[in-house]
Amino acid sequence: MANQGLGEAGRMGDQVRSDLHVRIEAQSSGGVKLDLESKVQLYYGDAIRADIEATLERLGVRHASVTVHDYGALPFVIQARLEAAVRQAGLGVGADARPARTVDLLPPSAKKRLRRSRLYLPGDQPKLAVNAGLYESDAIILDLEDSVHPSAKDAARLLVRNELRSVDFGNAERMVRINQLPLGLEDLRAVVPEQPDLILIPKVEDAKQVHEVAKTIDNLRQGGRPIWLMPILESALGIENAFSIATASELVVALTIGVEDYTADLGVAKTLEGSETLWARSRLLNAARAAGLQAIDSVFGDVGDMEGLESWAKRARALGFEGMGCIHPRQVEVIHRAFAPSATEIDKALKIVGAFKQAEAQGLGVVSLGSKMIDPPVVERANRLVAQARQMGLVPEEGEQ
Amino acid sequence: MTTFVKNAAGRRVPSEVNGQSAFAYAGVGMHKPEGRKQAPSVRSASDYPANGDKRVADLETALKKCDLRDGMVISSHHHFRDGDKVAVAALQAAARLGVKDLMWFPSASFPCHTPVIDLMEKGVVHHIEGSMNGALGDYCSTGKMRGLGVLRSHGGRWQAIQDGEVKIDVAIIAAPTADPFGNADGSHGPSACGSLGFALADSIYAEHVIVVTDNLVPFPCIPWQIQGNNVDCVVELPSVGDPAKIVSGTTQITKSPDRLLIAENIARFVRDTGIMRDGFSFQAGAGGIALGFVQFLKTMMREAGVKARFVRGGSTRYLVELLHEGLTDYILDGQTFDLDGVKNLANDPRHVSSSPFTSYNYHGKGNFASMVDVTVLGATEVDLDFNANVNTHSDGRLLHGIGGWQNCLFAGCTVLAVPSFRDRIPVIVDRVTTLTGPGELIDVVATERGIAINPRRKDLLDAVKGSSLPIRTLEEIKNDVEKMCGVPQKPVLTDEPVAVIKWVDGTVIDTVWKVADQPAKSPPR
């Protein structure tokens, strides 16, 4: 990727905020010449200079002209953009320029944790990542795929890597959507050492793709912390192979669908009511359940239509999906509401579970509630619903009052 | 040689401002001036045309007739906001008359008033007492203006006029509709702007009053907010303002998810603390967060079946919708921000014009602002004692006027809606660069990283116990932000005053210092 000693990264212009643009030109002598213009010069001019000098030192760059236009970028962004420009210039080969980790890792995420909402964050837009943890989505996705322009892939990868080290995402599960293979393997090399909780694999059509990702992760992984997988099925072939994809690796925890690409593959229009994807979504759901996995629905694309989103999410839950993607923070709460069991449902389920426990304690083979006999699958469904409601904080933990 | 004293807020303030001795801020409600209110000279109706026709040919004739001379005070108003064509035209007319050293006393200035810099350079205008930002703000901040800038709240402007701190010689009132007698109103005409409340004090207390309009109607101008009985001359201009800049077509709720989160949390706070109850009242301006707050609160009021008795604005279509939906009995409108507001004010008897006298004036026998249950405001900086700055950037450069901000602090619950940082610059600081409002009047600071309640408000702290609101301390939020952004360097300020900030009672609460010569703060191209 060497570009005759010249490298550029980031963004420039009046509209840019919380980002910066770096241009670097390698020199043979004369040390580092830094030309810095910053919107926050008065407050952080010295800090930015120090950051740039330290990063260049870690990268082993001794002689270069560096021009920086800064729009209030946070340190991890400055470091990522600078590193991207340096690497594009063919410098810093082999050097580890990762900034010090400033956020603590949360405990590993549970295989069956709540995954009602996952908030997509374009991997090349640092402004959106900084506060993403405030919206209380169950997961955030640092996206390296569709939301990142092909020319910005290298820079986005470094930014996402730094975000995993420096941004506090609260209690959200930290997911990364990598690019299609083989580019996605390069993404894995950058992000796996930062121990994200889950990797979303786009456009999966057969089990081999999952094997390859799982193997690459295994080679890169340090320590016993699991990194789960969520394949995204986005084509007719992918849907056909849903079960073999679901069972391709122990690390797969959920299947999800990308309806935009899927409908394009079928050559049909996507509609608000979604009958054109009903079969594919049902097929995926059945395969996921058969493999003991979560089935997660696609995103709802109209961020202005909260009513449409709510009715879509309610239908998704009725089909058996356990969550959806979000493309705007305002969607999170609507989705959580839609995927929550109603008070009536919870009440009924609690009664059934109670009746079952009572019957068990009395050594009765038959469970009954009032005048009705309760079949075992009904008890099982009630148990599941109560467990879910408990995860969502709608029912107190067992033993609590 | 100006001497300085330390006021009750610990700020260094000059004891003399533009040749007049000034009182240092003494604390909330401590300064109580005595004596009689200011009044214009006694007049006789026999000196004015019996047929009521006070029209004169142009502004120059009017100014001459009003006896404008060197060193006088000329006032104007900002109800046309950035679309105003009248203030500059009047000052330029004064320049053509050869008048020097005027004090311009606008209720606020906007970028459209930038030509006044040229008039200051030429000596026509000596200095400005009113909000300054943009180019005018920079002119003052860099010490180029001859006198000290004096920033007052909307209520403070009325107070200064009424107690004689500022004696207006000639008031220029731009009017969307007027009759030849001088009756004037803002709700009709091609330049309709809504309420003319800001000009009321000037019309009553100025020595001379000129009404300028581009929509002259035969007597009577109905309704009238400005009474022709106070008016000396009426001048017709082809256009008094640029309607596109007078009001925004529609005001917009913020689209920023962070700011919507702040707005939603404030609405939840107002609901969960029980402030939102039948017959309550609130104030919200036209800022993106404030409008978002109104929308969220509206849904919550509807869900709870709760109705407000009145809301105060800054009216916008969001307040108008609230009224039409029956969720409030009245809008008390201090200024009108969008076309829906203007239209509704003209047609709906439940939408009423208010003024700084009814809402904010310190010398009134009470005012509306303190009767409002909850008000949502913004700020540039807040310190750990809840003191806030709305006037300057963190480098001391003038940024905003005070508006009604100080006056609104007297509401039952004052909420500052602020992001915890802007472009890496923390909003919560150890010490505000400029003190606009004392922390004892600021009850809540709501950021995207949590809501901080002033420890003085034990009642509010009790009211949120057990709620799911993200209640935190200002220290916690500040630490979070500094962990992300780093601790900023302290900008260098000089020791040379360029402006003072007045408190609502006319005392000086803080000084604005000339900014040091330093690299441009403006963003790189």
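Before anything else, one definition: two strands pair if DSSP finds at least two bridges between them. While we're at it, helices (H or I, at least four residues) and strands (E, at least two) are DSSP runs, numbered from the N terminus.

Okay, the housekeeping. This is a predicted model, where local features need pLDDT of at least 70, side-chain atom pairs count only at pLDDT 80 or more, and totals for chains, interfaces and linings use all residues. Residues are numbered from 1 along each chain as its sequence is written, and chains are lettered from A and ligands numbered from 1 in the order in which they are written.

Let's start with chain A. You'll find 14 helices and 14 strands there, and its C-alpha atoms fill a box of roughly 90 × 50 × 40 Å along the principal axes. Of its 401 residues, 46% are buried. Buried here means that 20 or more other C-beta atoms lie within 10 Å of the residue's own; with 12 or fewer it's exposed, and in between it's partly exposed, with C-beta atoms placed from the backbone. As for contacts, those are pairs of residues whose C-beta atoms, placed from the backbone, lie within 7 Å. Taking the contacts in chain A with a separation of 6 or more, 72% come from residues 24 or more positions apart.

Now strand 5 of chain A, residues 117–122. How many of its six residues are buried? Six of the six, so the strand is mostly covered. A:S117, A:L119 and A:L121 point one way, A:R118, A:Y120 and A:P122 point the other way, and all are buried. Strand 5 of chain A pairs with strand 12 (residues 324–326) in the parallel sense, over three bridges, and there A:L119 has A:C326 as its bridge partner. Strand 5 of chain A also runs parallel to strand 6 (residues 139–143), over five bridges, with A:L121 opposite A:L142.

Next, a sheet in chain A. Four strands make an open sheet, in the order 1-2-4-3, with mixed pairing. Strand 1 (6–10) and strand 3 (32–38) of chain A stand at the edges with a single partner strand each, so one side of each has no neighbour in the sheet. On average, neighbouring strands of this sheet are turned by 10 degrees against each other, direction ignored. About angles: axes are lines fitted to C-alpha atoms, for helices over the stretch in contact, and angles run from 0 to 180 degrees between N-to-C directions. Strand 2 (residues 20–26) and strand 4 (residues 64–70) of chain A pair in the antiparallel sense over seven bridges, and A:E25 stands opposite A:S65. Helix 1 of chain A packs on this sheet, touching strand 3 and strand 4, and its direction makes about 145 degrees with that of strand 3 of chain A.

The contact between the chains takes 24 residues from chain A and 22 residues from chain B. Which element gives the largest share of chain A's side? Helix 1 (residues 41–58) of chain A, with six residues. By class, that side of chain A has 12 nonpolar, six polar and six charged residues. For the classes, Ala, Val, Leu, Ile, Met, Phe, Trp, Tyr, Cys and Pro count as nonpolar, Asp, Glu, Lys and Arg as charged, and the others, Gly among them, as polar.

Last stop, the backbone of chain B. Most residues other than glycine have a negative phi, and most peptide bonds are trans. The bond from B:F219 to B:P220 is cis, with omega near 0 degrees, and another cis bond joins B:I222 and B:P223, with omega about -10 degrees. B:P220 sits in the loop between strand 13 (208–213) and strand 14 (233–236) of chain B, and B:P223 is in the loop between strand 13 and strand 14 of chain B too.

Then there are two arginines. B:R81 has a positive phi of about 45 degrees and lies in the loop between strand 6 (73–76) and helix 2 (86–96) of chain B. For B:R424, phi is near 75 degrees, and its place is the loop between strand 23 (421–422) and strand 24 (425–426) of chain B. Buried or partly exposed? B:R81 is partly exposed, with 19 other C-beta atoms within 10 Å, whereas B:R424 is buried, with 27.

Technical notes. Contact = placed C-beta atoms within 7 Å.
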